[in-house]
Amino acid sequence: MNISLRRGEKLYLNGAVIRADRKVCIELLNDVTFLLENHVMQAKDATSPLRQLYFVVQLMLMSPNDTTAALDMCRSMLASLNTAFPDPRILNGLAVAAKHVDDKRMFDALKTIRTLFPFESEIMAPSSAQGSDKAA
């Protein structure tokens, strides 16, 4: 797998943080756990239940040697989210994400959780069109 980094961009690779000092292409020759900087969520941005779950899974990916507490928190959050969101799209996505976490495929879990953000936004902040329909 080839990864292109711009000058100053970071790559989180098997728990290590790598910053490119110039534009570079890195070829990964074996299975590694990595996260590109543009997929890293800052703690201040974990402002919703699914974003908080994403943040916890991200911690496990970024610190693969220290996942016990984060894994416990992740499982607890998944159980809570399964009762909090009745939407089948979210429930199906959470089941897939939980399977990825159980299989230690954290990057795939992150990708799955990211796809759920629009559904969560839709549920938590109904569109203004729906609000104007109620006013009429």
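Is Gln58 buried or exposed? I started with this residue and found Gln58 buried, at a relative accessible area of 2%. I note here that the model is predicted.

**Entry 1: Gln58 and its surroundings**

I placed Gln58 in the chain and found it in helix α1. I then looked up what Gln58 touches, leaving out residues up to four places away in sequence. The list is Leu35, His39, Val40, Met41 and Leu110.

**Entry 2: helix α1**

I went on from Gln58 to the helix that holds it. How many of the 14 residues of α1 are buried? The count is 10, so α1 is largely enclosed by the rest of the structure. I wrote down the buried residues: Leu50, Leu53, Tyr54, Phe55, Val56, Val57, Gln58, Met60, Leu61 and Met62.

I looked up what covers the buried residues of α1 and found β2, β5, α2, α3 and α4 included. Both strands and helices are therefore on my list for the entries below.

I also checked the length of α1. At 1.5 Å a residue, its 14 residues should span 20 Å. The end C-alpha atoms of α1 are 20 Å apart, which agrees with that expectation.

**Entry 3: the nonpolar cores**

Which residues have the most contacts inside the largest nonpolar core? I found Leu50, Leu53, Val57, Met60, Cys74, Leu94 and Val101, in a core of 31 residues. Four helices each supply at least two residues of this core: α1 (49-62), α2 (68-84), α3 (88-102) and α4 (106-124). Helix α1 gives the most, with nine residues.

I took Leu53 as an example and listed its contacts, leaving aside neighbours within four places in sequence. Leu53 is in contact with Cys74, Met77, Leu78, Leu81, Leu94 and Ile113.

I turned to the strands. Three of them form an open sheet in the order β3-β2-β5, with antiparallel pairing. The edge strands are β3 (16-19) and β5 (34-36), each of which pairs on one side only. The twist from one strand to the next averages 20°.

How many bridges join β2 to β3? I found four, and the two strands run antiparallel. Leu13 stands opposite Ala16 in β3. The hairpin of β2 and β3 has two residues between the strands, and Asn14 takes a positive phi near 50° there.

On the β5 side, three bridges join β2 (residues 10-13) to β5, again antiparallel. I looked up Leu11 and found that its bridge partner in β5 is Leu36.

**Entry 4: salt bridges**

I searched the whole structure for salt bridges and found nine. I followed up some of them.

Asp21 forms a salt bridge with Arg22, and the closest N and O atoms are 3.2 Å apart. Both Asp21 and Arg22 are exposed.

With which residue does Asp108 form a salt bridge at 2.7 Å? The partner is Arg105, that distance being between the closest N and O atoms. Asp108 also forms a salt bridge with Lys111, where the closest N and O atoms are 3.8 Å apart. Asp108 and Lys111 are three residues apart in helix α4, which means that about one helical turn separates them. Lys111 counts as partly exposed because its relative accessibility is 39%, between the 20% and 50% limits.

I also noted a network of salt bridges that links Asp87, Arg89 and Glu122.

**Entry 5: Arg105**

I went back to Arg105 to see where it sits. Arg105 lies in the loop between α3 and α4. The residue is partly exposed, with a relative accessible area of 40%. I also looked up the separation of Arg105 from Asn82, which is 23 residues away along the chain. Their C-alpha atoms are separated by 20 Å.

How values were computed:
Residues numbered from 1 in each chain as written. Predicted model: local features only at pLDDT ≥ 70, side-chain atom pairs only at ≥ 80, totals over all residues. Heavy atoms only, no water. Pairing = 2+ DSSP bridges. Axes fitted to C-alpha atoms, helices over the stretch in contact; angles between N-to-C directions. Core = buried A, V, L, I, M, F, W, Y, C linked by side-chain atoms within 4.5 Å. Buried < 20%, exposed > 50% of the residue type's maximum accessible area, 1.4 Å probe, protein only. Contact = heavy atoms within 4.5 Å. Expected span 1.5 Å × (residues − 1). Salt bridge = Lys/Arg side-chain N within 4 Å of Asp/Glu carboxyl O.
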